[in-house]
Amino acid sequence: MPRQTCPTCQRPLKVCYCSALVEIANRIEVLIIQHPLEQKHPFNTGRMAHLCLKNSELVVAESLSEAELAQLLKPKSALLYPSLSWLPEVEQMEPGTLQPEDLEQLVVIDATWRKSKKILHLHPALQQLPRISLAGEGGSNYQIRHSSLANSLSTLESIVITMQQLEPERDFKLMLRPFEKMIALQKANFEPEKSEDN
């Protein structure tokens with residue numbers, strides 16, 4: 001018999017983290033473009049972030065048409081992504097210096113580094129967005145997945161850090177509660193699973 005899963009977090013019931021979920025009324029919309037492989041991964045922090053953020057949208061797709069992407073993006077959007085050498089030079093946004101009217105949407109790609117690069121290659125419009133990059137933010141607490149890139153953070157951790165800078169009047173660190181519960185439950189019930197993550 002297939003094991004029962006929670007319809008909200010889509011985790012097996014014995015490792016459901018929903019009792020730790022919070023709801024934050026964020027002003028800036030967070031658009032999460034999630035690779036289909038992440039949707040099926042048990043440690044799906046993109047979905048967790050979506051469940052915690054009242055003003056968010058989760059789109060599962062590797063490829064979107066120009067029309068679909070245009071419909072999703074708002075006029076004042078920025079991409080949360082490192083400034084890597086192969087990306088075009090665009091405006092770099094510093095969260096601490098932005099005014100409320102400067103940004104209405106934060107676009108986040110939820111995928112492994114390899115898959116996130118593919119999503120960007122398939123969507124030139126995303127490459128051309130103003131960019132917010134995290135630097136020197138320390139290590140991740142994401143002990144159940146491992147990344148090939150140094151100082152990598154999970155999707156949820158990246159969103160928490162960025163949104164805390166963009167909207168300091170709200171406590172986005174509360175979103176770490178379900179994250180920490182998921183890690184604790186996984187450690188208590190299963191052997192850690194190693195895989196690449198962003």
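Me: What makes two rings a pair here?
Reply: Rings of Phe, Tyr and Trp (its six-membered ring) pair if their centres lie within 6.5 Å. Planes over 60 degrees apart count as edge-to-face. The model is a predicted one.

Me: How many aromatic pairs does the structure hold?
Reply: It holds 1 aromatic pair. The ring centres of Tyr81 and Trp113 are 5.6 Å apart and the planes are at 75°, so this pair is edge-to-face.

Me: Which parts does the pair tie together?
Reply: Tyr81 is in the loop between β3 (77-80) and β4 (105-110), and Trp113 is in helix α4 (residues 113-122), so the pair links parts 32 residues apart in sequence.

Me: Is Tyr81 buried or exposed? And Trp113, buried or exposed?
Reply: Tyr81 is buried, at 4% relative accessible area. Trp113 also counts as buried, with 12% relative accessibility.

Me: Switching to β4. How many of its residues are buried?
Reply: 6 of its 6 residues are buried, so β4 is mostly covered. Gln105, Val107 and Ile109 point one way from the strand, while Leu106, Val108 and Asp110 point the other way.

Me: Which strands do bridges join to β4?
Reply: Strand β1 (residues 29-34) is joined to β4 by 6 bridges, and the two run parallel. β3 is joined to β4 by 4 bridges, also parallel. Gln34 stands opposite Asp110, and Ala78 has Leu106 as its bridge partner.

Me: Where does Thr112 lie?
Reply: Thr112 is in the loop between β4 and α4, and counts as buried at 12% relative accessibility. Thr112 and Gln34 are 78 residues apart in sequence and 9.9 Å apart in space, C-alpha to C-alpha.

Technical notes. Residues are numbered from 1 along each chain as its sequence is written. This is a predicted model: local features need pLDDT of at least 70, side-chain atom pairs count only at pLDDT 80 or more; totals for chains, interfaces and linings use all residues. Side-chain values use heavy atoms; hydrogens and water are left out. Rings of Phe, Tyr and Trp (its six-membered ring) pair if their centres lie within 6.5 Å; planes under 30 degrees apart count as stacked, over 60 as edge-to-face and the rest as tilted. Buried means under 20% relative accessible area, exposed over 50%, partly exposed in between (1.4 Å probe, protein chains only). Two strands pair if DSSP finds at least two bridges between them.
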